[in-house]
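Okay everyone, thanks for coming. I'd like to walk you through one model this morning, so let me put it up on the screen.

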Amino acid sequence: MEKEFDVVVIGAGPSGIGCTIALKKEGYNVALIEMGMPGGKINIAPRVDNYPGQKEIPGPDLAMIFYQRILDNELNFIGDEIVSLDKEGDTFISTGKNGVYKSKAVYVASGTVERKIGLPNEDKLFGHGLSYCALCDGHFFKGQDVLVIGGGNAALKEAVHLAHLVKHLYLIHRRNEFRGSMKIVEELKSFDNVTIMTPYIPLEFIGEDKLEAVRIQNKETLEEKVLTVQGVFPLVGQNPNTTFIKLDIKNEWGNIPVDKRMSTRVEGCFAGGDVLPRDIRQIYLAEHDGMVAAKSIKEFLSK
């Protein structure tokens, strides 16, 4: 299947949805392509408490609001995974597993993927006690012992979610200070079934067919411990989801630098949201990127 559009938007998170809506209202033929659920990372957030206009809300509920925007605006939503983005002449070629999508302009809002720890058994035990999403898989560990690895807000919020489900939760972080909110840290400390351990790092995921334990080490004393747990959640950050891009638009970390118009160094290619090299990643910032990009894409196409 090969189709042609004015614009292809890769990623149906807040940034991609906002950009697509704005461009469609201007009369452009736009394809919004997403390999997962609309809403992006919002779907796996246990709660969102910093989105303007909303009180604290479960992530999946907020994702449904964004999905409703797709329906209300009758966007051309295509479920596909883009495996290659390149350019031939003035035409962008977005190659998916189910089709090829050609366009005059492209907006990359593909977000991030979970960063792996890099331990030997990590891939083998994925789905067998190891998960990168507590909201998705936490119910499988109800009444059991689990370990969360990480010190950012994502790790802390998912730990709070798990603390309501599991028998005992261990949280380890490689530093004594947390990068995430101290308010959430204090909330975790209020649980009787939570043990916070710093500064610890994981050394080994133990188990053959399923996770049985995790060996950890104190970075200061070098003391090692083995925690017998049935589940482990490595939540140590994300990497930009840009490995499919063949264009010369990425920096050494895989992020996509842009100018104030959200334009990359390849003419006609724009980017926004969590793929950008920024320190703060918020939903409202991603939406702002999408609005700016839509305006810039309109100006580019009008040429």
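A search over the whole structure turns up 16 salt bridges. Before I go into a few of them, keep in mind that this is a predicted model.

Let's start with Glu-2 and Lys-102, whose side chains meet in a salt bridge at 3.0 Å, N to O. That pair ties together distant parts of the chain: Glu-2 is in strand S1, residues 2-10, and Lys-102 is in strand S6, residues 100-108, which puts them 100 residues apart. Glu-2 counts as exposed, at 51% relative accessibility, while Lys-102 is partly exposed at 23%.

Now, Lys-104 and Asp-6. They form a salt bridge too, with the closest N and O atoms 3.3 Å apart. Here again distant parts of the chain are linked, Lys-104 sitting in strand S6 and Asp-6 in strand S1, 98 residues apart. So is Asp-6 buried or exposed? Asp-6 is buried, because its relative accessible area is 18% and the cut-off for buried is under 20%. Lys-104, on the other hand, is partly exposed at 47%.

One more pair: Lys-116 with Asp-123, where the closest N and O atoms are 2.7 Å apart. Lys-116 is partly exposed, with 46% relative accessibility, and Asp-123 is exposed, with 54%. There's also a network, by the way: Glu-204, Arg-215 and Glu-224 are joined by salt bridges that share partners.

Which residues form the positive surface patch? The patch is made up of Arg-115, Arg-174, Arg-175, Arg-179, Lys-219 and Arg-281. If you want to find Arg-175, look in the loop between strand S9 (168-172) and helix H6 (182-189). Arg-175 is partly exposed, at 43% relative accessible area.

Thr-112 lies in strand S7, residues 112-114, and is buried, with a relative accessible area of 9%. What does Thr-112 touch, once you skip residues up to four places away in sequence? You get Lys-41, Gln-238, Asn-239, Pro-240, Asn-241 and Asp-274.

Then there's Thr-242, in the loop between strand S15 (238-240) and strand S16 (269-271). Thr-242 is buried as well, at 2% relative accessibility. Leaving out neighbours within four places in sequence, Thr-242 contacts Ser-110, Lys-250, Gly-254, Ile-256 and Val-275.

That's my tour, thanks.

Technical notes
Residues numbered from 1 in each chain as written. Predicted model: local features only at pLDDT ≥ 70, side-chain atom pairs only at ≥ 80, totals over all residues. Heavy atoms only, no water. Patch = residues over 30% accessible without salt bridge, like charges linked within 9 Å, V, L, I, M, F, W, Y side chains within 5 Å. Areas by Shrake-Rupley, 256 points an atom, 1.4 Å probe, with all protein chains shown as cover. Salt bridge = Lys/Arg side-chain N within 4 Å of Asp/Glu carboxyl O. Lys, Arg positive; Asp, Glu negative; His and termini not counted. Charge placed at Lys NZ, Arg CZ, Asp CG, Glu CD. Helix = DSSP H or I, 4+ residues; strand = E, 2+ residues; numbered from the N terminus. Buried < 20%, exposed > 50% of the residue type's maximum accessible area, 1.4 Å probe, protein only. Contact = heavy atoms within 4.5 Å.
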